[in-house]
Amino acid sequence: MSDRKASDLFVACLEAEGVRYVFGIPGEETLDLNASLEASSIEFVPVRHEQGGAYMADMYGRLTRSAGVCLGTLGPGATNLVTGIADAWLDHSPMVALTGQADLERMHKESHQYIDVVDMLRPVTKFNARLNSARVIPEVVRKAFKVAQAQKPGPTHIELPEDVMAAPVEGQPLPVRRARRRPEPSLEELQAALAVIRSAEHPIVLAGNGVARTGSAAALRAFASTTGIGVAETFMGKGMLDYEDPRALGTVGLQSRDYALAGFEDADVVITAGYDLVEHAPSNWNPGKDKRILCIDTVAPEVDEHFMTEVDLIGDLSHILTRLAQELGGTTFTAGESRLNEIVLGRFEAARDDDAFPMQPPRALWEIRKALGRRDILISDVGLHKLWIARMFPAHEPDTVFIANGLAGMGIALPTAIAAKLVHPDRHVVTVNGDGGFLMNVQELETAVRLRTPVVNVIWENGRYGSITWKQDKKFGRNFGTDFTNPDFVRLADAFGMPAWRCEDVEDLGRHLRHALALDLPSLIVVPIDYSIDVSISEELGTETVAA
Ligand SMILES: Cc1ncc(C[n+]2csc(CCOP(=O)(O)OP(=O)(O)O)c2C)c(N)n1
């Protein structure tokens, strides 16, 4: 009989996949797994709520493009993971979620903490399985990582029954082949696409999260500069072009007139690059169903009556964009003026002189932009502040502004910021949160202090669920059920052992930010915010078409 335990083999398989961290909370049913992790090269990061662990795995996966790993025990541990897993599902982050489980022999009957976790997680995972036998561990682990990391990436899940993990086993991890496939469209498809672009009068690119997650921003930039075609970005596509690039048309997806003012009204051909429909429905930019659409993506596009694509170029985004740029070398278009950018960036620049206190969002964003370097990271939580960030925060580089726009769950910012800091210790990481969402995962401040991940958390305080009052006011002319009181955030932070400040004057935010960014500790800044100016900014931009 082998003296190797199944949990040892399981962890050896995680090591073979290159796993550096497992974020989670152990349970009585994961004792063997945790003991094996302790003896491995992998760092187990205890978190304070499984949702925080899932969000950390999510961001780790987004930034490294290797699946992030989270762990919860059976029953309540697994149910607590669901929101973070669902976020990875809709935002397409590679993740492998692990959950403990009771012995195989207790699953057919009413039994302490037993629920069918595999069934529960099926709708939010690309693949999930219960380990019924220790022998299949190498195959199941390899499959979970391979599927999670394949395009479009997303979460997978493995359930680990206690008795299976404690069983003796023989076996070795399967070889991990990381060679990147570079599938490419056929010559006919490329030629069809080139014919569509060459015959266009006003082509335009809509770039989404897919450009970010495949690391294709450089190729997109080269495509735009060779062809002159302008690029509008979705919230999750922020930074694919430097906002100062003359071909950058702005961030679209907030209001009905965004697209028109970014040039979509005049466009006859829309080239979508890594565009996920989950962010904002195509009916918003193709209401008349009259655009010719050329889709560049890693998998065949979703069907939508407003997104009937004429040519699909499916494969490696960088490769396809580079091929198109090579072929289109001599054909140049003009990006056109973006009225959207003029309005939004004009308001942003004017904000430097806004002396109003409580602060208004543009000035708060202006101070944050000023305090951060080009490659530093801003992570938004979910609420009205997110819409302001999406609308107005200018990004220079890819992977520097994170906005969850698929599941869009409040409470994502703090845990994902901790993971971002683990991946990029050399970059500043700032979160912007509402006072509602921040309390949803506030417990992870302890994790941040323990790990010494110096994340700066800015809370925009207004004592209410701002985006819901905003919507209620618009719909009913009044609001209800959205007001609350807050703890003293500065004293709360102090209790966690971290520095914190409350802004008392419009100049304080910039001052506190610069100080906080120089520390090697996490910190917190509370800014009283005045949401009385509408995120719509200007009548010209039309009515809002999103939920926060
Ligand atoms: C987990 C979760 N619950 C509820 C919602 C719906 N929702 C979206 S924004 C919002 C209010 C956010 O309030 P706050 O965090 O204070 O930010 P603000 O809008 O004031 O900037 C709510 C309740 C959500 N997106 N996620």
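Contact here means heavy atoms within 4.5 Å. Keep that in mind, and take E397. Leaving out residues up to four places away in sequence, E397 touches R221, K238, G239, R374 and R375. One more thing before we go on: this is a predicted model.

Let's stay with E397. Where is it? E397 sits in the loop between helix 15 and strand 14, which covers residues 401-402. Is E397 buried or exposed? Its relative accessibility is 15%. The cut-off for buried is under 20%. So E397 counts as buried, at 15%. Its side chain also has a partner. A polar contact of 3.3 Å joins the side chains of E397 and R374. R374 was in the list of residues that E397 touches, too.

Now the ligand. How many residues surround the ligand? There are 20, and the closest are L384, H385, G437, S467 and Y531. What kinds of residue make up this shell? Nine are nonpolar, nine are polar and two are charged.

Let's look at single atoms. Start with L384. One of its backbone N or O atoms lies 2.7 Å from an oxygen atom of the ligand. Next, G437. A polar backbone atom of G437 is 2.7 Å from an oxygen atom of the ligand. Then A408. Here the ligand atom is a nitrogen, 2.9 Å from a polar backbone atom of A408. How much of the ligand does the protein cover? On its own, the ligand has 590 Å² of accessible area, and the protein covers 77% of that. Which elements give two or more residues to the shell? They are helix 15 (384-392), helix 17 (435-438) and helix 19 (466-476).

H92 is another case. H92 is not a glycine either, and its phi is positive, about 60°. You will find H92 in the loop between helix 4 (76-91) and strand 4. H92 counts as buried, at 18% relative accessibility.

Back to helix 19. S467 lies in this helix. S467 is one of the residues closest to the ligand. With a relative accessible area of 10%, S467 is buried. What does S467 contact, leaving aside neighbours within four places in sequence? The residues are G383, L384 and A548. Now pick a residue elsewhere in the chain, L372. S467 and L372 are 95 residues apart in sequence, and their C-alpha atoms are 26 Å apart in space.

G466 is in helix 19 as well. It is buried, with a relative accessible area of 11%. Compare its place with A232. G466 and A232 are 234 residues apart in sequence and 27 Å apart in space, C-alpha to C-alpha.

Next, T234. It is in the loop between strand 8 (230-233) and strand 9 (248-251). T234 has a relative accessible area of 4%, so it is buried. Its contacts, not counting residues up to four places away in sequence, are L206, A207, G208, N209, T251, V252, Y275 and E279.

Which residues of helix 6 are buried? They are I137, P138, V140, V141, R142, A144, F145, A148 and Q149. An α-helix has 3.6 residues a turn, so residues three or four places apart point the same way. What do the buried residues of helix 6 pack against? The list is helix 1 (6-16), strand 3 (68-72), strand 4 (95-101), strand 5 (127-130) and strand 6 (155-161).

Last topic: cis peptide bonds. One joins Q151 and K152, with omega about -20°. K152 is in the loop between helix 6 and strand 6. Another cis bond runs from F357 to P358, with omega near -5°. P358 lies in the loop between helix 13 (339-350) and helix 14 (361-371).

That's my tour. Find E397 on the screen, and look for R374, 3.3 Å away by their side chains.

How values were computed: Residues are numbered from 1 along each chain as its sequence is written. This is a predicted model: local features need pLDDT of at least 70, side-chain atom pairs count only at pLDDT 80 or more; totals for chains, interfaces and linings use all residues. Side-chain values use heavy atoms; hydrogens and water are left out. Buried means under 20% relative accessible area, exposed over 50%, partly exposed in between (1.4 Å probe, protein chains only). Helices (H or I, at least four residues) and strands (E, at least two) are DSSP runs, numbered from the N terminus. A residue is near a molecule or strand if one of its heavy atoms lies within 4 Å of it. A polar contact is a pair of N or O atoms within 3.5 Å; within protein, one must be able to donate a hydrogen and the other to accept it, and residues adjacent in sequence count only if both atoms are side-chain atoms. Accessible areas come from the Shrake-Rupley method with a 1.4 Å probe; for residues, only the protein chains shown count as cover. Ala, Val, Leu, Ile, Met, Phe, Trp, Tyr, Cys and Pro count as nonpolar, Asp, Glu, Lys and Arg as charged, and the others, Gly among them, as polar.
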